[in-house]
Amino acid sequence: MAETADAPLVEVHRGPIRECVHRGHAVIWHDDAGMIGAWGDAEAYVLPRSSAKMIQALPLIESGAADAAGLTPEHLALACASHNGAAIHTDRVTQWLSDLGLSEADLRCGPQEPSDLPARNDLVCSHTAPDQRHNNCSGKHSGFLTLSQHLGAGPEYIDPDHPVQRAIADATASVTGEDVSDYAIDGCSAPNFAGSLAGFACAMARFAAAKPGGGARQDAKVRLRNAMMAHPDLVAGEGRACTRLMRAMGKGAAVKTGAEGVFFAIIPEHKMGVALKISDGATRGSEAALAQILANIGVLDQAHPVFQELTHGPIRNRRDVETGHYKVVHDLAAWRP
């Protein structure tokens, strides 16, 4: 079947001029009704990047590793996180590794300068280089190490043939209902398994519809989505869209951003999942489109400042002069489930 072109989703205006259009693909899936909304190509083949971390964390719980290690909802939120490298993140990762009898050297995600300003200033003022705990994926990798230790597997847990990554590939194939033989190496050096947006939206709807006591897989989904919604500060951090959106919605949805314009959402009350990808990789485009969809579904108040900022702006210059705004295109803004 021929690929469908991407659709305009978000416009950027400077003064009276439309300066930019972010095009992309988006799918909304209901666990009972199937696909209930789509823009662009629902079958667009994408790398989910960090938006799929809740899928990558499924084997951590299903294997019994999380319970054996005494992991709390805070640990599980970190396992799904792309965090800022703030003290609330790195302190917890440090203790997590220590509890496993491991250290920062056992991580395989690579060092990264924290995006949290106080943490960055502390490093600069102490003439200390950032390490792997500051990597935004260090929580996910701590989860990988927990699973690897539980399985009695080797230390190179990012190898695509390692039992940890084979378990993640199997989980991804199961929840998306697709073959996941294709993968690429993510920024944190772990494999990232590709699939269609429709497959990932379906997976998010399955997370949304999961019920406690429905078996190991459903229990794992419930624990992960609840951990994310209970600890939005650990999933991202201050100033970040994931944290701000989840705070604004209470426990209306669990949301997770990914690099290159990807964003997923789990909406338990409505048994819906969302997966979207902005073609040019612009984060501002994915944030605006997702915020609009969440508002259309009814879990985000359009009067809330977070919705207004992500979908409208305003855009200001370095002298704090308002120079423009965002605008979600009519087809997306007008959609209702």
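This is a predicted model: local features need pLDDT of at least 70, side-chain atom pairs count only at pLDDT 80 or more; totals for chains, interfaces and linings use all residues.
Figure 1. A cavity is a set of points, on a 1 Å grid over the protein atoms alone, where a 1.4 Å probe fits but cannot get out; grid points are joined across faces, edges and corners, and a volume is the space filled by probe spheres set on the points. Local features need pLDDT of at least 70 and side-chain atom pairs count only at pLDDT 80 or more, whereas totals for chains, interfaces and linings use all residues. Residues are numbered from 1 along each chain as its sequence is written, and side-chain values use heavy atoms, with hydrogens and water left out.

**Figure 2. The largest cavity.** This cavity holds about 60 Å³ of space. Its lining residues (those with an atom within 4 Å of a point) are Lys53, Gln56, Ala57, Leu60, Ala79, Lys140, Gly143, Phe144, Leu147 and Ile168. Helices are DSSP runs of H or I with at least four residues, strands are runs of E with at least two, and both are numbered from the N terminus.

**Figure 3. The second largest cavity.** The volume here is about 40 Å³. Pro48, Ala52, Gln56, Ile168, Thr172, Asn192, Phe193 and Phe200 form the lining, to which α8 (163-176) and β6 (191-193) each contribute at least two residues.

**Figure 4. The largest pocket.** A pocket is an open set of points with protein on both sides within 12 Å along at least five of seven lines. The largest one contains about 390 Å³ of space and is lined by 25 residues, with Ser50, Ser82, Gln112, Asn136 and Arg240 nearest its centre. At least two lining residues come from each of α12 (241-249), β8 (254-258) and α13.

Figure 5. The 15 residues of α13 (residues 283-297) should span 21 Å at 1.5 Å a residue, and the end C-alpha atoms agree because they are 21 Å apart; the expected span is 1.5 Å times one less than the number of residues. In α13, 13 of the 15 residues are buried, that is, under 20% relative accessible area with a 1.4 Å probe, protein chains only. Glycine 298 follows the helix with a positive phi, near 105 degrees.

Technical notes. Buried means under 20% relative accessible area, exposed over 50%, partly exposed in between (1.4 Å probe, protein chains only).
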